[in-house]
Structure formats: C-alpha cells, structure tokens
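Subject: Structure handover

Hello,

Here is the structure for you to look over. My notes follow below it.

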Protein chains: 2
Amino acid sequence: MSLRLLLLCCLISIQGYAQISTDSAAFFIKDIYRQTLSEEKAYTWLTTLTKDIGNRLSGSENSLKAIEWAKATMDTLGFDSVWLQPVMVPHWERGVNEQVVMVSKQIGAHQLKALALGQSPGTGPKGIRAEVVEVKSLDELRGLPDIAVDGKIVFFNRPMDLGLTSTFSAYGGAADQRTSGPMLAAEKGAIGCVIRSLSTRQDDYPHTGMTELSKNIDNIPSLALSTNDATFLSETLKKGPVELVIYTHSKMYEEYVLSYNVIAEIKGSTRPEEIILVGGHFDSWDVGEGAHDDGSGCMHSMEVLYRLKKMGYKPNRTLRCVFFMNEENGLRGGRAYADSSFAKNEYHLAAIESDAGGFTPQSFGISAGANTSLDTAMSHMSGFMELLEPYDIELKAGGGGADIGPLKPNAGVLMGLRPDSSRYFDFHHSALDVLENVHPRELAAGAAALTSLVFLLDQYGIGK
Amino acid sequence: MSLRLLLLCCLISIQGYAQISTDSAAFFIKDIYRQTLSEEKAYTWLTTLTKDIGNRLSGSENSLKAIEWAKATMDTLGFDSVWLQPVMVPHWERGVNEQVVMVSKQIGAHQLKALALGQSPGTGPKGIRAEVVEVKSLDELRGLPDIAVDGKIVFFNRPMDLGLTSTFSAYGGAADQRTSGPMLAAEKGAIGCVIRSLSTRQDDYPHTGMTELSKNIDNIPSLALSTNDATFLSETLKKGPVELVIYTHSKMYEEYVLSYNVIAEIKGSTRPEEIILVGGHFDSWDVGEGAHDDGSGCMHSMEVLYRLKKMGYKPNRTLRCVFFMNEENGLRGGRAYADSSFAKNEYHLAAIESDAGGFTPQSFGISAGANTSLDTAMSHMSGFMELLEPYDIELKAGGGGADIGPLKPNAGVLMGLRPDSSRYFDFHHSALDVLENVHPRELAAGAAALTSLVFLLDQYGIGK
C-alpha cells in the first residue's frame with residue numbers, strides 16, 4: 001500500500017463516513033488512471049472473451065459459456081459475493097446459408113452481402129422471389145398504394161446522416177427502417193424486406209440488429225444489405241425492374257430459455273444500503289465477437305470493482321457490477337434485475353451503464369431517477385466532476401442505458417458513459433466488431449473514467 | 001447560399017466589422033460541422049498526398065513533388081493568393097540496406113528491426129561491431145566510467161511511461177534518449193548507439209526521429225529498435241554479453257538545399273492587417289506516408305480556408321494557411337516564415353498549429369504572444385469558446401506548435417489543436433503512419449473544430 005493511499009484510508013477511517021478532501025481524491029484518481037492505463041486489464045479480459053469464447057447471442061450455447069467464464073473470473077477477484085441471476089430469454093437462431101441474389105435484365109444476377117435481422121422469420125427452403133420497391137422512409141412506404149407493395153420486397157435505403165456530430169443521433173435518425181420497417185412492409189402486403197445497413201462506412205459488411213415483430217400479421221423475412229450493396233441495388237433499380245431472390249433459414253423459437261445476469265458485489269462499509277451499480281450487457285449479436293458491443297462495457301464494469309479492490313479502497317456504499325443478459329433482443333436481463341431489486345426494496349444511488357463502445361471517453365450523461373431532481377444532482381456533482389477535467393471528462397444532462405432504464409422508479413441517478421462515437425457504427429452489429437478494432441489504451445481510459453466516477457459517487461454522493 | 005448564411009452575411013455587411021450574434025455564430029458552426037463531416041474533404045486530399053506522393057522528408061525529391069501538388073491544389077480553390085516561400089533545408093538520406101544483427105553465445109545471431117535516426121551518420125561499408133551496454137537513462141550513462149563505454153555500443157532502453165494520461169507527456173519523458181542519447185554516448189567514447197523506439201505499442205515497428213549532432217566530436221551511427229526487439233535485446237543481455245553488428249548507410253550532406261513553405265491567403269475585408277494563421281508541417285519522416293504526422297495537420301489547415309470560402313464567408317481578418325517545411329529535422333520553414341513576417345512587420349492575431357494527428361479533437365491549447373496577457377485572452381475567448389462545448393472542444397492553457405513558435409515575439413496568441421492522443425505514438429515516425437490508420441470522420445472533426453475556431457477568432461478577436 002502506498003503512503004498516499006495509507007493516508008487516505010486513515011482519513012476515511014478517522015472520519016467514519018466523512019468525505020475525504022478533494023486534494024486526496026485528485027491524488028487517488030491520478031492513481032486510478034496510472035494503474036488502469038499501465039495494466040490494461042480490461043483488454044486482457046476482453047481478449048479472452050472475444051478470442052476464446054466469441055459472440056454470444058442470448059439463448060445461445062456460447063452465451064452460457066461466456067456466463068460461466070465471467071462467473072469464474074469474478075470468483076478469483078476477491079469480491080464479497082458473485083452470483084448468477086436467472087433470466088428467461090427469447091431464442092432466435094440465424095441458421096446457415098443466408099443468400100440474397102439480385103436479378104435484373106440489365107446486369108444479370110449478383111449475390112449481395114446480407115444478414116438477416118434479429119427475430120426475422122426464415123423464407124423456408126424454397127426461398128422467396130419478388131420485385132423490389134425502394135423507399136427512403138416509413139412515411140414514403142405509408143404513402144404508397146398497397147397494390148404497389150403487395151407481393152413485393154420492400155427496400156429501405158435511407159443512409160445515416162453523417163453530417164450530425166454524434167453518430168448515435170445519426171443512428172437514431174435511421175434506425176426506424178430496421179426496427180419498424182419490416183413490420184410496416186408486411187402490413188402493406190410485402191413478402192420480404194431488405195434495409196440499407198445502419199453503418200457509418202461505405203463497405204461490404206452488413207450490420208444486423210433487432211427488428212420488431214407483429215402479433216397481428218405474419219412477419220416477413222427481413223435482412224440488412226451492406227452499404228456498398230444497398231448502393232449497388234439502388235443504382236441498378238434506376239436502370240429498370242429488379243428482383244431479389246432471398247433464402248434465410250433463421251428461426252424464432254416459441255419457448256424462452258434459461259439464461260443469467262452475472263453480478264459481483266463489494267459491500268459498503270458505512271452505507272451498505274445505497275448501491276452504486278456499474279454494468280454493461282453481456283449478450284451480443286451472432287456475428288463478430290461483440291467486442292465493442294458490449295464486451296467493452298462489461299470489461300469496463302468488472303475493472304471498476306477490480307481496480308478499487310486492488311487499490312485497497314473500502315467503499316462506503318455497496319458497489320455492484322452487473323453483466324446484463326439479452327439487451328440486444330429483449331432486455332429481459334435489465335427487467336429481471338429491476339424486478340428482483342424492487343422486490344428486495346433496494347435503492348440504487350446511481351446506476352451507470354457502459355454500452356457505447358470501448359473508445360476514448362468524453363463525458364457521462366446523467367438522468368434523474370423518479371424521486372431525484374436532476375438540477376440538484378447535477379449541481380452537486382458538478383463540484384466533484386471538476387476532478388475529471390484533467391482527463392477531458394464532462395458531465396452532461398441526458399443519458400443512461402437500456403439495461404438500467406427499468407431501475408428509474410427507485411434510483412437516484414442513471415448515468416451512461418459516452419465515448420467518442422466516431423468509429424462505433426463502423427463496427428456495430430457486424431463481423432467487424434472484433435478485438436482488433438478495440439484499442440487497449442482507449443478501452444483502459446474508459447475503465448479509468450468509470451472507476452473514478454464510482455469512487456467520486458461513493459465519496460460525495462448525489463447531493464440528497 | 002442558404003437563407004441562414006445570407007442573413008448572417010447581411011448582418012456582417014450591415015455592421016461592417018461588428019460582430020455577429022452568438023446565436024448566428026452557433027448556427028454557422030453547426031453548418032461548418034455538417035458540411036465538413038459530410039464531405040470528408042481533408043481525407044480526400046490526404047488520400048492523394050499519401051498514396052500518390054507518399055512520405056516527404058525535407059530535401060527529398062518527394063517533398064518537392066508534394067509542394068508542387070499542394071500549390072496546384074490550392075490554386076484551384078479560389079483563394080486570393082497562393083505562393084511558395086523559399087527555405088533552405090538540411091539534407092539527410094537514409095540510404096539502403098540498414099541492418100542490425102544481435103550476436104550472443106547463448107542464442108546465436110538474430111537480425112533486429114531497426115531504423116537509423118535522422119541525422120545519424122553511416123557506419124561505412126564495413127559496418128561496426130561492438131559489445132552492448134544497456135542503460136535506462138542519460139544519467140545512468142553519465143554515471144558509468146568512460147572505460148565501461150569506450151568502444152562499445154550504448155543501448156537506451158527506457159520505455160515510455162504508459163501510466164501517464166497524455167501520451168505526449170510519456171513521449172516527452174522518454175525522448176531525451178533519442179535526441180541527446182547518441183551525442184552523450186559519443187562523448188563517453190561509444191562507437192554506436194541504439195535506442196528503444198518511442199512507441200506506445202509493443203510491436204515490430206521501429207520509430208525513427210531526429211537526433212542531435214555535436215559540432216565538437218565525431219557523431220556515431222544511431223538507430224531505433226522496435227519495442228519487441230529492444231525487449232529481446234534486453235532479455236538476451238541478462239544471459240551474457242551481446243554484440244551488435246550494425247550497417248547503416250545514412251548520410252548527412254553538408255550543403256543545404258532549396259525547398260519551400262506553401263502558403264494560401266484570403267484577404268480580410270475590414271481588418272486585413274490582422275492575420276489568423278492555421279498550419280501544419282508538410283515534411284515527414286522517410287518511412288510510412290506522413291499521414292498523421294503531419295499530412296493531417298496540413299489537410300486540416302487547407303480545409304479551414306476551403307470550407308469558409310465554400311460557405312461564402314467573407315473574413316474580417318486575413319486568413320492564411322501555411323504548410324511549413326522541415327519541422328522534423330531543422331524547423332527551417334517555421335523560422336523562414338517568421339523572419340519574412342517580421343521583415344514585413346506583420347501582426348498575427350492568432351497562429352494555430354495542427355501537429356498532433358488526425359484524431360478526434362479534444363481541446364485547443366493556448367499560449368500568449370510576447371505582448372499579450374494570457375489571462376485576458378483566455379477570459380475573453382472562454383466566452384465564445386462555449387459555442388464549441390456541444391462538440392466537446394475546450395480551451396486549455398498551454399500549447400501552440402513548433403512551426404509557429406518563432407512568431408511569438410509578434411503574435412497575439414499561439415494555439416495548438418489537441419486531439420485524442422491515445423493512438424498517436426503507435427504510428428508516429430514509423431511505417432505505420434499511413435492513410436489506413438487515419439479515420440475519415442476523426443480527421444473531419446479536427447478540420448471542423450479548426451474552421452470553427454478560426455471563424456470565432458475572426459469574429460470576436462482575442463480581447464485586445
């Protein structure tokens with residue numbers, strides 16, 4: 001134990017719950033950064049997760065392997081307790097040999113790079129074949145007479161708006177094509193749907209993701225095309241009618257299957273009833289390795305508890321790391337965690353999610369729980385957040401995370417790590433979301449920022 | 001021209017020099033970002049520079065090709081004037097077939113990956129062969145008796161300290177080994193010198209860079225080893241004596257050669273005598289493509305004038321884009337520019353350099369010119385810099401750039417763009433500094449930040 005840390009611990013022990021000075025806090029944060037950046041621990045874990053296990057769609061065998069590995073790893077880290085929380089999750093499988101072939105008189109037949117969207121039904125062994133109708137938006141499709149869509153394959157082709165500063169805003173502005181487009185196309189009588197991948201690059205990699213299912217109508221096979229092939233299809237359509245031949249053997253099972261959230265905890269010494277949660281989601285799509293989405297967020301979260309424990313820090317509040325299951329296609333993990341927490345009447349002083357990739361952190365977004373004033377919390381926290389200014393980390397209104405959202409009725413604040421978003425949607429939900437696209441130092445900077453925030457919240461609370 | 005821009009121009013024209021409202025400025029900056037992120041113009045230029053021309057050490061034929069291309073490109077952009085400013089630059093050449101072979105009884109002979117340092121003399125065709133003495137610092141070498149160094153090859157092996165938040169600080173803490181190590185080794189009687197590459201990664205790529213030459217003693221051949229091979233050499237030394245056999249055919253020419261700074265200008269309408277300069281250095285090391293260092297900074301700078309011109313903006317002050325020659329091994333371009341500027345009694349209200357890579361911008365560093373109060377300038381500027389908060393850009397005390405440094409006696413403020421430094425020293429001065437390691441969107445974000453800053457400085461000045 002360093003002399004500095006010893007002094008700091010004495011301070012804590014002398015003062016009981018009392019807060020340490022901001023000078024001591026600044027020193028402690030410097031140590032957090034120094035150790036986190038030097039050791040690159042999150043990256044070491046992420047290497048094992050991505051290379052020894054790989055992607056882990058909820059309900060898959062691989063997701064259970066990953067859960068087993070996470071529990072076993074946490075068990076070695078000296079936390080007070082580690083447990084699995086059962087969650088029933090939906091079960092969808094892609095199947096093999098997906099194919100989309102574009103056929104036109106002008107240029108013949110071309111295979112397009114495509115991935116079925118999550119929850120999409122299959123085409124059956126005979127596939128489907130129909131003419132393509134291109135639209136740029138749901139409204140444009142709504143405006144078409146049903147006859148123009150009936151029996152066709154609808155092609156949504158609105159690109160993400162790269163002129164927006166945040167790629168998350170660009171994603172938000174285009175994602176309805178994927179989430180609601182296929183259902184609307186089905187309602188209009190289409191027999192299939194393809195969308196331009198939600199990607200920030202023009203390349204050959206299709207990006208999958210969840211599409212919504214209707215309970216009223218038969219859902220239709222739906223797939224994402226690579227941005228290059230979406231452009232190719234659109235250009236070809238300008239020359240004359242185009243048909244697509246689609247085979248996809250994906251399947252949505254009726255039965256939910258058993259899975260788990262993985263949870264680790266360090267009990268608080270003076271305010272154990274106040275929980276500070278840091279987490280990410282452990283499931284990923286079934287292509288790539290789920291490295292940024294959201295292996296990074298989970299490894300971040302595990303490092304927070306690991307780092308504070310390793311530095312000999314004894315928290316006032318209870319610190320909890322949660323790997324949520326099934327964020328991508330159901331959010332069952334987040335809901336199960338909240339249900340269980342409400343049943344135990346737990347109070348989360350802060351719930352923090354990291355689910356925006358392992359890139360250089362820029363800020364924390366913050367929203368208020370049901371009984372908290374955002375202004376009060378931000379005003380109180382902006383005092384101690386100044387300690388993160390040397391690390392270029394700011395506090396910004398708005399934000400949280402999908403998995404922690406259900407905690408809102410009984411949480412102080414909900415927060416989300418906001419890293420640089422420039423590259424996130426180059427990789428998101430595609431075969432490119434692999435370890436090689438995560439930079440160890442950027443990942444470490446995120447872990448250091450989260451660890452520092454958890455330390456500060458544990459010391460100074462949220463001002464009520 | 002958009003209605004918004006038209007209104008803004010009317011405002012400017014009605015008010016003469018008067019400043020536009022911050023609301024209008026916020027809109028204009030939003031447009032700057034939108035256009036810059038959408039068009040990715042800097043990346044298009046950088047693609048040509050790196051792939052059609054490549055690296056461009058000052059004094060090389062390639063550097064002259066690059067200058068010709070830059071001038072021709074600027075000539076097409078509709079600026080008020082474009083010119084070449086003659087600069088005499090040193091002339092050093094690497095030669096071919098550099099080799100470093102490690103020989104030890106325990107493990108035989110192994111070729112190590114190495115690059116001669118800039119200005120290093122060659123070994124002659126017979127090469128040199130001597131035992132290796134490893135040290136971690138200049139002080140450690142100073143402490144050794146001359147007899148322990150005489151006739152040997154000194155090996156500096158202190159890694160960059162990755163625990164520091166800024167990799168530039170880590171670089172600063174290790175760079176003396178490269179800049180001054182070989183000269184000190186020569187003074188102590190060594191016949192050669194190798195250093196551990198100044199790199200943030202453990203890999204197989206040596207990183208070159210400038211080493212200082214003594215005028216009093218014979219300089220000795222000096223090279224950088226890849227970090228992997230530096231580790232390998234150090235491990236081997238633990239097992240027993242090691243010799244290195246070194247061949248390098250690099251040559252420092254006595255005669256300086258003619259080169260040029262490339263300059264473009266848009267004349268100010270109401271305060272033409274106040275210059276706002278934005279620039280980078282156009283020379284690079286002779287490996288890789290000088291993509292981040294500093295092709296990015298030059299393309300950034302050219303885009304500032306291009307973008308404002310394209311948006312129909314008529315500046316109050318004179319805007320100047322400067323590609324400086326010879327930053328890497330002499331700084332002759334920066335000095336020649338300042339000499340010429342002083343001779344014409346020019347005043348630079350602000351000189352801004354981008355020479356820290358084409359990564360996501362985080363802040364601008366600022367230093368005061370000789371007759372400016374930094375406090376006054378920062379206090380004035382912090383008002384309008386709030387307009388860059390939505391883009392996660394801050395103003396921070398300290399900074400500028402090597403090429404603009406000589407302007408200090410007659411400048412208002414000197415500023416430097418500070419991008420995320422996580423990856424910069426993975427690539428710096430090595431074969432990895434290529435276009436593929438520049439992300440178009442990150443490069444564009446830097447150009448947008450610089451354009452916005454120049455616009456704000458043109459509108460609101462520096463407060464005196």
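First, a term: two strands count as paired if DSSP finds at least two bridges between them. Please keep in mind that this is a predicted model.

Strand pairing in chain A

Strand β3 (residues 99-104) of chain A runs antiparallel to strand β10 (residues 242-247) of chain A, and six bridges join them. One of the residue pairs is Gln99(A) with Tyr247(A), its bridge partner in β10(A). Both strands belong to an open sheet of eight strands. The order in chain A is β4-β3-β10-β6-β7-β8-β9-β5, with mixed pairing. Which strands stand at the edges? They are β4 (108-112) and β5 (114-116) of chain A. Each has a single partner strand, so one side of each has no neighbour in the sheet. From one strand to the next, the twist averages 30°.

Domains of chain A

Domain 1 of chain A puts 15 residues into the contact between them, and domain 2 of chain A puts in 19 residues. On the domain 1 side, six of these residues are nonpolar, six are polar and three are charged.

Tyr256(A)

Look at Tyr256(A), in the loop between β11 (251-252) and β12 (257-266) of chain A. Is this residue buried, exposed or partly exposed? Tyr256(A) has 16 C-beta neighbours inside 10 Å, so the class is partly exposed; buried would need 20 or more, exposed 12 or fewer. Leaving out residues up to four places away in sequence, Tyr256(A) touches Met88(A), Val89(A), Pro90(A) and His91(A). Met88(A) is 168 residues away in sequence, yet the C-alpha to C-alpha distance to Tyr256(A) is 5.8 Å.

The two chains

Chain A and chain B each give 20 residues to their contact. In chain A, α2 (22-39), β16 (361-368) and α15 (440-460) each supply at least two residues of that side. The most come from α2(A), with four residues. By class, the chain A side has five nonpolar, nine polar and six charged residues.

How are the copies related? A rotation of 180° with 0.0 Å of shift along its axis superposes chain A on chain B, at an RMSD of 0.0 Å. The two copies are therefore related as by a two-fold rotation axis. The same surface serves both: 100% of the contact residues of chain A recur in chain B.

Best wishes

How values were computed. Residues numbered from 1 in each chain as written. Chains lettered and ligands numbered in written order. Predicted model: local features only at pLDDT ≥ 70, side-chain atom pairs only at ≥ 80, totals over all residues. Contact = placed C-beta atoms within 7 Å. Nonpolar A, V, L, I, M, F, W, Y, C, P; charged D, E, K, R; others polar. Least-squares fit on C-alpha atoms with pLDDT ≥ 70 in both. Axes fitted to C-alpha atoms, helices over the stretch in contact; angles between N-to-C directions.
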